[in-house]
Protein chains: 2
Amino acid sequence: MRFSCSTCGETYPLDGLDFHCRCGGLFRLDRQAGEAVGASVSLGEVPTPVLERTLNHLPVRLKLDFMRPTGSFKDRGAFVLVNALKDLGIDHVVEDSSGNAGAAIAGYCAAAGIRCDIYIPQGTSPGKIKQLAAYQAHVVQVPGSRDDTAQAILEAARTTYYASHVYNPLFFEGTKSMAHELAGQGGIPDCIVIPAGNGTMLLGAYIGFSELGRLPRIIAVQSSRCAPVHARFHGLEAQAPAPTVAEGIAIGRPMRMAEMLAAVRDSGGDCITVTDEAVLAAQRMLGAMGIYVEATAAVAVAGALEYFPGASGAGLDIVVPLTGSGLKK
Amino acid sequence: MRFSCSTCGETYPLDGLDFHCRCGGLFRLDRQAGEAVGASVSLGEVPTPVLERTLNHLPVRLKLDFMRPTGSFKDRGAFVLVNALKDLGIDHVVEDSSGNAGAAIAGYCAAAGIRCDIYIPQGTSPGKIKQLAAYQAHVVQVPGSRDDTAQAILEAARTTYYASHVYNPLFFEGTKSMAHELAGQGGIPDCIVIPAGNGTMLLGAYIGFSELGRLPRIIAVQSSRCAPVHARFHGLEAQAPAPTVAEGIAIGRPMRMAEMLAAVRDSGGDCITVTDEAVLAAQRMLGAMGIYVEATAAVAVAGALEYFPGASGAGLDIVVPLTGSGLKK
């Protein structure tokens, strides 16, 4: 296995410090048939359950992808990424997510015995820091803006392996496992509705379903308060991002935007937005059914209800993955 | 199925308002061969994973029983109890746990469409109330002491079904499923180390393993700051309870003490205590391995390390269940 540039084709080893091509292009994973990542590092990966529910009048299959060791689907990416790093002999990484990706990478690094520095903006909530600290990650709180944190991680990544959930294709190699699981849990759906920020779930699903030879229509859902992918998809002018309850997908400049657009188009899918009010209503609806998710996870439910009003989804097999536990703070 | 008094043998229907015998005795479940509780109410029950780990020098199997829909093993009890209540046509219940049992019963009642009033002491942490509120449980905050809450629930239980995780044998009928799962996950262990408060896991394990025809030695672990079962087991004078980090097992007067003692004795087991310092050290040890649990869950690990020092556990198959997620507040 190796990385190659999706722009110029230049190849790079998996264990180097380069996390994108010198030409500026993003990495993809080149994998030969039969090449696989190890799985010696485990926190107890079990297939997440699927519940059939009718939301308003819309029958859907809810994939409870928050029922993972660290409380979110990001574990899928961290599982493959960290196992690969362990096999490569890497013993120290840096990462810059204060959210579910950071927790997942910190948790799996702890399991692997890999040192892990997580760069987060000052002011990150105590609950998130508590989980990172439990995994004994070295938490680096960067004063200033989110951009200052981004600058700090770029400095750190010059000398230490960058276990990025955005740049590193091995993370997406992990998030694809949801598609494979679904194939054995009632089959590949007609349609899948996915919250879209950096595209970790969306691109993973695209890779996974592509390997299976059949793509469901991918409906990418963004917050109306931060919708750059939606704007580009529909040829609209992007608005400046505003704070949203869907903080897990509040990504103003997604690095893999072009891939996300191509995936949605290739699937015959669509891109929509939902308001904070619709997200909170969807979160309450799930809670009233006994399903406790964080607001970002409710984006997919709000999107499904928005995209398939009334009985318009009848007869379709629609999967709605739920990305993060309500216990997350 | 029916309830019968474990003291005088008097029988009671499952759907009545009596939650213990008029003689004062506690209920047990009388079940004929072939009688089973329905399972139409589901939040996505999947077998929880088992990880083989060496803690200091002690090889154990960790049963990650917090990887359940509401974040704790108490889901097992709520699953069976609420399914039974649904089958019985009960549409409104009361319960008085501010912790994991309350969350589990509220979550499953939401899934079942059963109204649920949860009585909690004023001052319960916002995180716990948030989860109960998400399930749209009616949260009744009772001013005053824990005893005032106990008094309030007794009043409420005169007119509304008491879905108690302590009195109701259907709850223990649920928690027994961990034993059945373990039998199919590497087999019945030689020894199982269980945090003991009200005995929801301990008695469930005892019932489950008894059904399977082979009892592991049950090591019941209490906090040194609240250890009435330990005191009675060893014929010591009980000390007044003091606050402990293991709040989930801080039960000064366990209703089912006699059953717990009998279960431990019948298994050839033992009862020990662990200090708060040992509990917190065990919690840190798990976190450093990527396993994020609440302090009460770490009691079992602290107990295993206390009971099997050095290499004294070598050659034994020791299971340590982990009861609650670290994401719980």
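The structure is a predicted model, in which local features need pLDDT of at least 70 and side-chain atom pairs count only at pLDDT 80 or more, while totals for chains, interfaces and linings use all residues. Residues are numbered from 1 along each chain as its sequence is written, chains are lettered from A in the order in which they are written, and side-chain values use heavy atoms, without hydrogens and water.

A search of the whole structure finds 16 aromatic pairs over all chains; rings of Phe, Tyr and Trp (its six-membered ring) pair if their centres lie within 6.5 Å, and planes under 30 degrees apart count as stacked, over 60 as edge-to-face and the rest as tilted. Phe19(A) and Tyr162(A) form an edge-to-face pair, at 4.8 Å centre to centre and 85° between the planes. Phe19(A) counts as buried at 15% relative accessibility, and Tyr162(A) counts as buried at 6% (buried means under 20% relative accessible area, exposed over 50%, partly exposed in between; 1.4 Å probe, protein chains only).

The rings of Tyr307(A) and Phe308(A) also form an edge-to-face pair, with centres 5.2 Å apart and planes at 90°. Tyr307(A) is partly exposed at 22% relative accessibility, whereas Phe308(A) is buried at 6%.
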